[in-house]
Amino acid sequence: MRSGRVVGHRPPHGHPGSPPAAARQRPPSPRRRPLTAQRLSLRLTPTLAAPSEARQAILAALSDVSRELLAEIELLVTELVTNAVRHGRLEEDDAIELRVVHRGSVIRVEVAEGGPGFDPATALAPDPEAIGGWGLLLVSRLASRWGVTRGAPNVAWFEMDLPAAAR
């Protein structure tokens, strides 16, 4: 069993430039920067469509990852983006930032939003009778590491270690 912990986090600095136009298979949407050097940055509108858009981006960006690991990452991304939509108290003109970095043997995913934040300790103890509220418990069980950094913006993140055979 893996355990989550709340730790301070500083997002990666700078983003490499876009690849030449010939290297792209299709032009990026205005909200998406192309995947370069194993990075993805996506700006999502905080609507019910955001989790689906995030999943589609993850599937495209991490196509070289095993199906099993990709399914887990897709589930955890869905949980974090859904939490941002449901609990972030964001307006339609606000944004949720999804960042993915695949570096070496680790895939790191960050979901940033400007809402009020939350205490992850309380979120890890859902009501056993509740239908919802289990998302962060899933994150804590499936992710290699995870955490929440409160501030402007709030960032919920997790990391997945690649199996040795996939490195």
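**A. Leu48 is an exposed residue, with a relative accessible area of 80%.** Exposed stands for over 50% relative accessible area, buried for under 20% and partly exposed for values in between (1.4 Å probe, protein chains only). The model is predicted: local features need pLDDT of at least 70 and side-chain atom pairs pLDDT 80 or more, while totals for chains, interfaces and linings use all residues. Residues are numbered from 1 along each chain as its sequence is written, and side-chain values use heavy atoms, without hydrogens or water. Leu48 belongs to the loop between β2 and α1. Its C-alpha atom is 9.7 Å from that of Val81, and 33 residues separate the two along the chain. Val81 is one of the α2 residues that meet α1.

The protein chain contains four helices and six strands. Helices (H or I, at least four residues) and strands (E, at least two) are DSSP runs numbered from the N terminus. In sequence order the elements of the protein chain run β-β-α-α-β-β-α-α-β-β. The protein chain has 167 residues, of which 40% count as buried. For contacts between residues at least 6 apart in sequence, 61% join residues at least 24 apart; contact here is heavy atoms within 4.5 Å.

**C. Helices α1 and α2 pack at an angle of about 150°.** Helix α1 spans residues 50–61 and helix α2 residues 67–87, and their axes are 9 Å apart. The angle makes α1 roughly antiparallel to α2 (over 145 degrees; under 35 is roughly parallel, 65 to 115 roughly perpendicular and the rest oblique). Axes are lines fitted to C-alpha atoms, for helices over the stretch in contact, with angles from 0 to 180 degrees between N-to-C directions. The crossing of α1 and α2 is right-handed, meaning that the near helix is turned clockwise from the far one by less than a right angle; anticlockwise is left-handed. On the α1 side, the residues are Ala50, Pro51, Ala54, Arg55, Ile58 and Leu59. They meet Leu70, Ile73, Glu74, Val77, Thr78, Val81, Thr82 and Val85 of α2. The residues of this contact comprise 10 nonpolar, two polar and two charged. Nonpolar covers Ala, Val, Leu, Ile, Met, Phe, Trp, Tyr, Cys and Pro, charged covers Asp, Glu, Lys and Arg, and polar the others, including Gly.

**D. Helix α2 also packs with α4, their axes coming within 9 Å and crossing at roughly 145°.** The crossing of α2 and α4 is left-handed. From α2, the contact takes in Glu72, Leu75, Leu76, Glu79, Leu80 and Asn83. From α4 come Gly135, Leu136, Leu138, Val139 and Leu142. Seven nonpolar, two polar and two charged residues make up the contact of α2 with α4.

**E. Leu75 of helix α2 is partly exposed, at a relative accessible area of 34%.** Neighbours within four places in sequence aside, Leu75 is in contact with Leu138 and Leu142. Leu138 and Leu142 are both among the α4 residues that make the contact with α2. A separation of 8.7 Å lies between the C-alpha atoms of Leu75 and Val139, which are 64 residues apart along the chain.

The largest nonpolar core has 35 residues. Such a core is a set of buried Ala, Val, Leu, Ile, Met, Phe, Trp, Tyr and Cys residues joined through side-chain atoms within 4.5 Å. Leu62, Ile73, Val77, Leu98 and Phe158 touch the most other members. Two or more residues each come from β2 (39–44), α1, α2, β3 (96–103), β4 (106–113), α4 (135–142), β5 (145–149) and β6 (154–161). Helix α2 gives the largest share of this core, nine residues. Not counting residues up to four places away in sequence, Val77 touches Ala54, Ile58, Leu98, Val109 and Phe158.

**G. The loop between β5 and β6 holds Pro153 and Arg150.** The peptide bond from Ala152 to Pro153 is cis, with omega near 5°. Arg150 is exposed, at 52% relative accessible area. The C-alpha atom of Arg150 lies 7.8 Å from that of Phe118, at 32 residues along the chain.

**H. Arg89 has phi near 50°, a positive value in a residue other than glycine.** Arg89 sits in the loop between α2 and β3. Its relative accessibility is 70%, so Arg89 counts as exposed.
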